[in-house]
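User: Hi! I'm new to this one. Could you walk me through it?
Analyst: Happy to, let's take a look together.

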Amino acid sequence: MSMTWVEMRISNPAQSDRGKTFRLLVDSGAHYSVIPVAEARALGLEAHASEDFELANGARVRYPVCTALFEHAGKTRGAPLILGEPDVYLVGALTLEALALVLDPSRRELLPMPVLYL
């Protein structure tokens, strides 16, 4: 199985000019996106909560969480962001859904997702 990487700009909702483009691993099994806490703080992002998470190996950890703006292919949406460990750069399912994107694992690319209004 191959990995899928995507470039996304992440910025501070209060100061959208404070942003940076990151190379993120698409992890459709993760709910939240993650960047290192130092990178988030450089953008002026501060945690507004802490959440408990279960890792793939079953370990439980607690991380600070904030809301950030994610930009991809001309669309910008807000989504939760974990202020995580150094060298961890992930885009999770909630961010993909907010941007109306879905991962095509066979082509290893993000595609537009039909958005339903019920």
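**Pocket and strands**

Analyst: Let's begin with the largest pocket, which has a volume of about 450 Å³. Keep in mind that this is a predicted model.

User: Which residues lie nearest the centre of the largest pocket?
Analyst: Those are Ala30, Val34, Glu54, Leu55 and Leu90, out of 16 residues that line the pocket.

User: And what's the lining like by class?
Analyst: There are 10 nonpolar residues, along with three polar and three charged ones.

User: Which strands supply at least two residues each to that lining?
Analyst: Strands E4 and E6 each do. E4 covers residues 49-54, and E6 covers residues 75-84.

User: Switching to strands, then. How many bridges join E4 and E5?
Analyst: Six, and the two strands pair in the antiparallel sense. As one example, Ser50 has Pro64 in E5 as its bridge partner.

User: Where does E1 come in?
Analyst: E1, residues 5-12, pairs with E5, residues 60-72, in the antiparallel sense over three bridges. Within that pairing, Ile10 stands opposite Phe70 in E5.

Definitions and conventions. Residues are numbered from 1 along each chain as its sequence is written. This is a predicted model: local features need pLDDT of at least 70, side-chain atom pairs count only at pLDDT 80 or more; totals for chains, interfaces and linings use all residues. Side-chain values use heavy atoms; hydrogens and water are left out. Two strands pair if DSSP finds at least two bridges between them. Helices (H or I, at least four residues) and strands (E, at least two) are DSSP runs, numbered from the N terminus. On a 1 Å grid over the protein atoms alone, a cavity is a set of points where a 1.4 Å probe fits but cannot get out, and a pocket is an open set with protein on both sides within 12 Å along at least five of seven lines; lining residues have an atom within 4 Å of a point. Grid points are joined across faces, edges and corners, and a volume is the space filled by probe spheres set on the points. Ala, Val, Leu, Ile, Met, Phe, Trp, Tyr, Cys and Pro count as nonpolar, Asp, Glu, Lys and Arg as charged, and the others, Gly among them, as polar.
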